[in-house]
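Subject: Structure handover

Hi,

Here is the structure we talked about.

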Amino acid sequence: MSLTNAPQVYLVGAGPGNPLLLSKKAERCIQRADVILYDQLVNPFILQLSSPQTEWIHVGKTPYTTYMRQDEINALMIEKTKTHQTVVRLKGGDPAIFGRLADEVDILKAHHISFEVVPGITAASAAMSQLHRGLTERGVARNITFTTGHFKDNEESSIDITTLKNGGTLAIYMGVKRLPKLMQEVQNEVEDDLPVAVIFNATCVNQQVIAGHVSTITDKIAALPERPGPGITIVGHVVRDILEEVPVLSQVDYVCIKGKRSNCMEQAMDIYEAGGWAIIDDREALTLHPTQVELLDVLIEKTSFTHVLGEA
Ligand code: SAH
């Protein structure tokens with residue numbers, strides 16, 4: 001079957017960072033991409049599913065800084081459709097949850113560019129899978145609200161805690177920095193000292209779970225030696241008594257595999273399956289697009305690998 005009618009742009013959810021949690025569709029889009037515009041939270045290894053010739057462009061937005069403005073990302077995406085057949089806009093988690101999806105869809109529509117949206121596993125779902133809990137639970141929480149602790153232009157505004165008042169679950173994205181203020185708001189409005197869990201780097205090698213209650217979580221987070229990476233906060237009875245159930249990661253392997261991408265992919269996936277992190281160093285084996293060399297140079301330089309392997 002030919003793909004001649006394939007859309008020009010795919011707005012793809014990359015999931016929480018673990019490449020095994022990519023959808024099959026996302027993987028196929030990445031494999032077909034001529035250019036990938038990727039966000040900060042995308043694991044660079046996922047980019048290695050693309051062709052060695054694919055152009056990789058970081059349009060990273062971290063929660064508290066903006067590397068490229070949204071209108072610049074939009075403009076770049078449109079520009080790339082003029083020179084490349086398949087453009088993949090790769091976003092962390094699900095593009096439809098705090099992913100500025102509407103902005104990008106609107107601009108594509110305005111330019112009459114064909115596109116498709118590919119959902120991804122959102123951070124809240126990823127986090128709960130690690131806690132062995134549901135975001136909803138029969139008899140415990142009948143609803144769930146996704147909210148954010150981060151606001152446009154850093155304006156102060158309160159989170160929507162209606163859900164908590166109704167006994168539901170609140171998932172707070174981008175809220176770790178503002179946690180003291182957010183927890184204070186919850187305390188002011190909700191009588192119960194509800195259970196809270198903050199999950200950093202959910203499903204990834206450096207995953208970390210901090211559990212407590214609305215009254216205690218802020219101090220526990222403040223006591224961490226450093227902020228471990230992106231974290232999602234879950235408030236509500238669904239995260240009661242989770243501490244003892246938190247999985248302990250048995251293996252913290254950071255592996256560099258030297259060789260051709262196609263030959264190393266399975267080996268790398270096995271490492272992820274075992275709970276580790278891997279990247280393929282194919283800078284010598286293949287002629288890569290300069291943008292790929294650039295990223296690999298920086299990444300391989302700054303990572304302390306526990307193992308450096310060759311092709312199996
Ligand atoms: N579209 C993304 C969310 C983008 S906003 C999604 O659906 O998941 C970025 C925020 O998502 C981060 O500040 C953090 O709160 C959360 N997040 C993303 N990946 C995460 C991960 N692996 N673990 C924990 N939180 C994560």
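Glu137 is partly exposed, at 24% relative accessible area. The scale is this: buried is under 20% relative accessible area, exposed is over 50%, and partly exposed is in between, with a 1.4 Å probe and protein chains only. This is a predicted model, where local features need pLDDT of at least 70, side-chain atom pairs count only at pLDDT 80 or more, and totals for chains, interfaces and linings use all residues. Numbering starts from 1 along each chain as its sequence is written, and side-chain values use heavy atoms, with hydrogens and water left out.

Glu137 has a salt-bridge partner, Arg240, at 2.8 Å from N to O. Glu137 sits in the loop between α5 (123–131) and β6 (144–148), and Arg240 in the loop between β10 (231–235) and β11 (254–258), so the bridge ties together parts 103 residues apart in sequence. A salt bridge here is a side-chain nitrogen of Lys or Arg within 4 Å of a carboxyl oxygen of Asp or Glu. Helices (H or I, at least four residues) and strands (E, at least two) are DSSP runs, numbered from the N terminus.

Arg240 is partly exposed too, at 27% relative accessible area. What does Arg240 contact, leaving aside neighbours within four places in sequence? The list is Arg133, Glu137, Val140 and Pro195. Contact means heavy atoms within 4.5 Å. Arg133 and Arg240 are 107 residues apart in sequence, and their C-alpha atoms are 9.6 Å apart.

Now the other salt bridges. The structure has 14 of them. One pairs Asp281 with Lys258, with the closest N and O atoms 3.2 Å apart. Asp281 is in strand β12 (residues 277–281) and Lys258 in strand β11, so this bridge ties together parts 23 residues apart in sequence. Are the two partners buried or exposed? Asp281 is buried, at 7% relative accessible area. Lys258 is partly exposed, at 44%.

Another bridge joins Arg89 and Glu104, with 3.1 Å between the closest N and O atoms. Arg89 is in strand β4 (residues 87–91) and Glu104 in helix α4 (residues 101–110), and the pair links distant parts of the chain, 15 residues apart. Both residues are buried. Arg89 and Glu104 also belong to a salt-bridge network with Asp39 and Lys91.

Helix α4 has a further partner, helix α3 (residues 70–83). The two axes come within 10 Å and cross at roughly 40 degrees. That makes α3 oblique to α4. Axes are lines fitted to C-alpha atoms, for helices over the stretch in contact, with angles from 0 to 180 degrees between N-to-C directions. Under 35 degrees counts as roughly parallel, over 145 as roughly antiparallel, 65 to 115 as roughly perpendicular, and the rest as oblique.

Which residues meet there? From α3 come Gln70, Ile73, Asn74, Met77 and Ile78; from α4 come Asp103, Glu104, Ile107 and Leu108. By class, the contact has five nonpolar, two polar and two charged residues. Nonpolar covers Ala, Val, Leu, Ile, Met, Phe, Trp, Tyr, Cys and Pro; charged covers Asp, Glu, Lys and Arg; the others, Gly among them, are polar.

Last, Thr86. This residue lies in the loop between α3 and β4. Thr86 is buried, at 8% relative accessibility. Not counting residues up to four places away in sequence, Thr86 touches Gln8, Tyr10, Arg32, Ala33, Asp34 and Val35.

Best wishes
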